[in-house]
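Please go through the two chains below with the viewer open.

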Amino acid sequence: MIGESSSRQWNQFFVCWLIAVSATLGSLFFSEVMERVPCVLCWYQRIAMFPLAIIFTVGLLPLDVRCVRYALPFAVSGWALALYHCLIYLGFIPESLQPCTQGVSCADVQIELVGFVTIPLLSLLGFTFIIALLLAVRKGIKQ
Amino acid sequence: MKKPILVAGATIVMLGAFVVGKNIYKDQQADKVSQIAATDKDSPFNRQDAPMIGTIMAKVEIVEFFDPACEACRGFHPYVKSVLNAHRSQVRLSLRYATLHKGSDYVAQVLEAARMQGLDIYLASLEAVLEGQPVWAEHGRPQPELVWTLLTSTGLDIERARREMNDPRILARLKQDAADMVKLDVRKTPTLFINGKPLRDFSPEGLTSQVANEIRIAYKS
């Protein structure tokens with residue numbers, strides 16, 4: 001029974017790890033290969049996402065469920081930043097309240113995949129899935 | 001324990017996807033550029049009035065977008081020169097100004113004014129400006145007027161250059177380069193093209209081997 005639940009937890013962490021690593025590599029692809037300069041908000045989201053790739057790697061080998069405690073604050077703060085960024089993209093937050101007027105504008109939509117998928121939206125989705133999985137892991141621990 | 005293998009395998013797959021994606025993207029960019037080179041009537045690869053170093057007979061042309069204030073351009077310059085020296089009759093260099101830094105448009109104008117006094121003086125001035133870059137191009141506090149002090153031993157007629165640096169032809173030249181940067185999506189300096197193909201691997205070795213390859217293609221008989 002214990003083996004079964006820990007195996008499920010491992011799988012949940014594994015998916016978190018997959019999301020974090022692919023998000024990390026994806027953002028590096030945009031900046032290093034496609035040479036799009038990350039705006040300030042993108043950097044803040046990277047600060048939340050990059051450590052997750054490392055935390056989940058450590059937490060997976062071998063399984064250490066305590067890493068939920070360390071991963072969740074990163075995921076939640078990244079999620080909040082991504083949401084804020086999406087709202088700027090969509091125009092819900094007005095120009096004058098934007099934090100980045102110099103350098104690269106955070107409101108410039110540089111890349112849109114299949115018409116509407118922007119980088120902040122990908123970020124928001126990534127953080128959302130990671131948070132959902134972490135909450136599921138935590139629920140599993142408590143039971 | 002199969003889990004470490006799973007993690008390692010997934011890591012390899014994701015890194016592999018990154019590398020494959022990078023190559024696909026670079027191929028696409030190269031295709032776009034060669035499309036411009038082949039079909040554009042006003043091709044950025046055919047600018048007769050840009051500074052040219054080497055013989056017009058050379059069949060391989062390096063186009064280099066550079067910024068006089070850029071450290072990497074300064075650092076890469078010796079390698080470009082050594083490639084030119086190694087293949088004097090086969091390779092020429094066409095220089096373009098990518099004035100991304102504050103103050104470097106002033107220096108580009110000075111260099112173009114030097115070119116009006118002859119190619120030798122231009123080359124000496126280019127060397128002096130790059131050599132003395134730390135003097136005038138400090139980031140955040142550039143002092144482009146200081147380049148004049150670097151040019152005293154180059155044989156440049158400084159009074160004349162000061163008069164001519166705002167010549168409409170010079171301004172038009174710089175404007176053309178800026179427009180070509182947009183057309184070719186040049187975002188960083190130095191950006192090099194060899195016979196209309198982007199330099200794939202930005203390193204001295206990458207330059208040497210890609211130039212050698214273009215020479216092979218151009219001179220095969």
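In which helix of chain A is A:Phe14 found? A:Phe14 is in helix α1 (residues 2-33) of chain A. Keep in mind that this is a predicted model.

**Chain A**

Helix α2 (residues 40-60) of chain A can be checked for length. Its 21 residues should span 30 Å at 1.5 Å a residue. The C-alpha atoms at its ends are 31 Å apart, which agrees. The helix has a kink of about 25°, centred on A:Arg46. An α-helix has 3.6 residues a turn, so residues three or four places apart point the same way.

Now the whole chain. Chain A holds 4 helices and 2 strands. Along the sequence they run α-α-α-β-β-α. Of the 143 residues in chain A, 30% are buried. Take the chain A contacts between residues at least 6 apart in sequence: 77% of these join residues at least 24 apart.

**The sheet of chain B**

Chain B has an open sheet of 5 strands, in the order β1-β3-β2-β4-β5, with mixed pairing. Why do β1 (52-53) and β5 (197-198) of chain B each have a side without a neighbour? Both stand at the edges of the sheet and have a single partner strand, so one side of each is left without a neighbour there. Strands of a sheet pair through backbone hydrogen bonds, either parallel or antiparallel.

| Strand pair (chain B) | Sense | Bridges |
|---|---|---|
| β1(B) and β3(B) | antiparallel | 2 bridges |
| β2(B) and β4(B) | antiparallel | 4 bridges |
| β4(B) and β5(B) | antiparallel | 2 bridges |

B:Ile53 has B:Leu93 of β3(B) as its bridge partner. B:Glu64 stands opposite B:Leu192 in β4(B). B:Ile194 is bridged to B:Lys197 in β5(B).

Strand β4 (residues 191-194) of chain B is covered on both faces. B:Thr191 and B:Phe193 lie on one side, B:Leu192 and B:Ile194 on the other, and all are buried. β4(B) and β5(B) form a hairpin with 2 residues between them. In its turn, B:Asn195 has a positive phi of about 45°.

**Where the chains meet**

How many residues of chain B are in contact with chain A? 11 residues of chain B touch 11 residues of chain A.

**Confidence**

The model scores ipTM 0.81 and pTM 0.78. Chain B has a mean pLDDT of 92, with 99% of its residues at 70 or more. Among the elements of chain B, β3(B) has the highest mean pLDDT, at 96. Helix α5 (residues 133-136) of chain B has the lowest, at 90.

Note on methods. Residues numbered from 1 in each chain as written. Chains lettered and ligands numbered in written order. Predicted model: local features only at pLDDT ≥ 70, side-chain atom pairs only at ≥ 80, totals over all residues. Contact = placed C-beta atoms within 7 Å. Pairing = 2+ DSSP bridges. Expected span 1.5 Å × (residues − 1). Bend = angle between axes of the 7 residues up to and from the residue. Buried ≥ 20, exposed ≤ 12 C-beta atoms within 10 Å, placed from the backbone. pLDDT = per-residue confidence, 0-100.
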